[in-house]
Amino acid sequence: MVQELTPEEHLDYLTASIRLMLWFTWHWLDTHPAETFAEVVDTRVDIWRRTRLNPRHLDGPFNWRECPEWPALRERLEALYRQHRAAGNAGAFEEAAAALLAPYLPARVQRDLADIRAGVDLAGYQCGSLRYNLAVDAARPHCVRFHIANACWPASPFDDPRHFPLCFLDLMRQCAATFGVTEIGTGTWLNSSPKWLRLFPAEWTEHLEAPNVDVQGHYGFWGQFVTARRSFNHKLGRQFRETGVLPLPPRFSWCCITTMREHLRRQGYV
Ligand SMILES: CC(C)(COP(=O)(O)OP(=O)(O)OC[C@H]1O[C@@H](n2cnc3c(N)ncnc32)[C@H](O)[C@@H]1OP(=O)(O)O)[C@@H](O)C(=O)NCCC(=O)NCCS
């Protein structure tokens, strides 16, 4: 049986993900000199959501303006960045910034574990591990976009091969009935993962758009560093640091509901 996340593992998740985001911020600013420190830290990473300053749950709405204490802490991070930028010492910046943030993390741990156990992140997920938008895609009126979480926690939604097919059948039934759409689609890092792509008909892979490298501070990018148990994925974190390239960049793709249904029918799900 898969073990639940321990408090130590969750603190490691908060610490390791914040450190990766600090490392990322430094290198992003190196290659994007027109952007400010505040812009990068407020939009391309979500460090503030991982601190006790975030009044909501870990996956709550992505709006730091709900958090009046954040700008002052961000300014202290920026002062450290300026200090170490002068010497070009990325490692020293990461150490100093991680030390500044460390006291803001422990208060989250028990709160987050209770939220994770209660499945707070799954609120609004109408079809197990899948959630569809409540309106059709403005750019593609025949299509509804969907999102992915893990309704099987602490196990992986990939462990039971029936899990995602059954979620998709439910999603397609509900979307066709509610919106009259003929297509489903999503932009996610999972579209760079072979085990996710195997769930779909060939049409899905054929429709894959170019990787999105305009990193944003949400799970469409950073969710790849979360394991099924919700610990930090150190393997992918190391890979990102070593290569400087996001291991699994998000890509948009879509397929027709009829093609997906036929694909699942052939596997005996319909
Ligand atoms: C979506 C999600 C459930 C997928 O998780 P998963 O693939 O089942 O995660 P796993 O725990 O199996 O870890 C992924 C891989 O990293 C490997 N891995 C994880 N931690 C590791 C470590 N410390 N050392 C070595 N390997 C590690 C696993 O072995 C696995 O390898 P595989 O893909 O070859 O099987 C999970 O990433 C998640 O909940 N993310 C947050 C939500 C999200 O991102 N949604 C999509 C938004 S668009």
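Predicted model: local features only at pLDDT ≥ 70, side-chain atom pairs only at ≥ 80, totals over all residues.
Biologist: How far apart do the C-alpha centres of domain 1 and domain 2 lie?
Modeller: The chain is divided into domain 1 (7-117) and domain 2 (124-212 + 249-266), with bounds that come from an automatic or database domain assignment. The C-alpha centres of the two domains are separated by 31 Å.

Biologist: Is H1 roughly parallel or oblique to H10?
Modeller: Helices here are DSSP runs (H or I, at least four residues; strands are E, at least two), numbered from the N terminus. H1 and H10 pack at an angle of about 15°, with their axes 11 Å apart, where axes are lines fitted to C-alpha atoms, for helices over the stretch in contact, and angles run from 0 to 180 degrees between N-to-C directions. Angles under 35 degrees count as roughly parallel, over 145 as roughly antiparallel, 65 to 115 as roughly perpendicular and the rest as oblique. The angle therefore makes H1, relative to H10, roughly parallel.

Biologist: Which residues of H10 meet H1?
Modeller: Two residues are in contact if their C-beta atoms, placed from the backbone, lie within 7 Å. On the H1 side the contact uses Ala-16, Leu-20 and Trp-23, and these meet, in H10, His-234, Gly-237, Phe-240 and Arg-241.

Biologist: What are the closest residues to the ligand?
Modeller: A residue is near a molecule or strand if its C-beta atom, placed from the backbone, lies within 6 Å of it. Strand E2 (143-148), helix H9 (219-222) and helix H10 (234-243) each supply at least two residues of the shell. Of the 19 residues that surround the ligand, the closest are Ser-156, Thr-188, Gly-223, Thr-227 and Ala-228.

Biologist: Which residue has a positive phi although it is not a glycine?
Modeller: Most residues other than glycine have a negative phi. In the loop between H9 and H10, a positive phi of about 80° is found at Arg-230.

Biologist: What is omega at the cis peptide bond?
Modeller: Pro-154 is placed in the loop between E2 and helix H6 (163-179). The cis peptide bond joins Trp-153 and Pro-154, with an omega of about 5°.

How values were computed: Residues numbered from 1 in each chain as written.
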